[in-house]
Amino acid sequence: ITPGRQKGKRIIASCQIKNDILKKISRSTNYSLYEHTNAYKNALSLYGGCSLNIHAVNGLAAMYLAFGQDPAYLGECSQAIVDAKYINEETLEMSITIPSLIIGTVGGGTGLPSAKTCLEIVDCYGPGKAKKLAEIMAAVALAGEISCGAAHCSLEFVEAHETMGKNPPKQNHK
């Protein structure tokens, strides 16, 4: 977390991904994920997007609701930037930067029974726990970016939506 006076927490989560693990889990490769991530980010930028990620808001929205956060801030908080750095054939570094993650661990909805329980499960309920909660939320958002990007690369994204019932059945209009 970057210190300083600003609205919310500025957080960066990063990880290194080994190619053999990515292939085994997602049927994708580091290089294809690297290419896809940068092409996706560049396309969003060229078309005026200010949220340069695949879908960080989905994971953040789920966590906002679970942890008693104010979902009115999701538009601002989801302005995240995902990045991929191809280190070599075996290693890809992925990161996500969230410039303004507006969260709290005291007051508001955090005291509701279900939100309090969720915060306690991850040891983030009470004063002084917002930094830890920000780190968890950024890590989850990054994991979602990697998963979704790998599904795009392996051409399994649409199939997964159809298999899981997220797309309505096609109607034959004869």
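**Exercise 1. Work out what percentage of the 174 residues of the protein chain count as buried.**

Solution. This is a predicted model, so every value here is computed from it. Start with the cut-off: a residue is buried when its relative accessible area is under 20%. By that rule, 35% of the chain's 174 residues count as buried.

**Exercise 2. Find the order of helices and strands in the protein chain.**

Solution. Begin by counting the elements: there are seven helices and three strands. Next, read from the N terminus, which gives β-α-α-α-α-β-β-α-α-α. Now look at the contacts between residues at least 6 apart in sequence: 66% of them join residues at least 24 apart.

**Exercise 3. Identify which residues touch the most other members of the largest nonpolar core.**

Solution. The core has 32 residues, and Y64, M94, I96, L101 and M137 are the ones with the most contacts to other members. Elements that each supply at least two core residues include strand 1 (9-18), helix 3 (56-66) and strand 3 (91-101). Helix 6 gives the largest share, eight residues. Finally, zoom in on Y64: beyond its neighbours within four places in sequence, its contacts include L74, C77, L101 and M137.

**Exercise 4. Decide whether S78 is buried or exposed.**

Solution. First locate S78: it sits in the loop between helix 4 (74-77) and strand 2 (81-88). Its relative accessibility is 8%, so S78 counts as buried. To see its surroundings, set aside residues up to four places away in sequence; S78 then touches S51, N53, V57 and L60.

Methods:
Residues are numbered from 1 along each chain as its sequence is written. This is a predicted model: local features need pLDDT of at least 70, side-chain atom pairs count only at pLDDT 80 or more; totals for chains, interfaces and linings use all residues. Side-chain values use heavy atoms; hydrogens and water are left out. Helices (H or I, at least four residues) and strands (E, at least two) are DSSP runs, numbered from the N terminus. Buried means under 20% relative accessible area, exposed over 50%, partly exposed in between (1.4 Å probe, protein chains only). Contact means heavy atoms within 4.5 Å. A nonpolar core is a set of buried Ala, Val, Leu, Ile, Met, Phe, Trp, Tyr and Cys residues joined through side-chain atoms within 4.5 Å.
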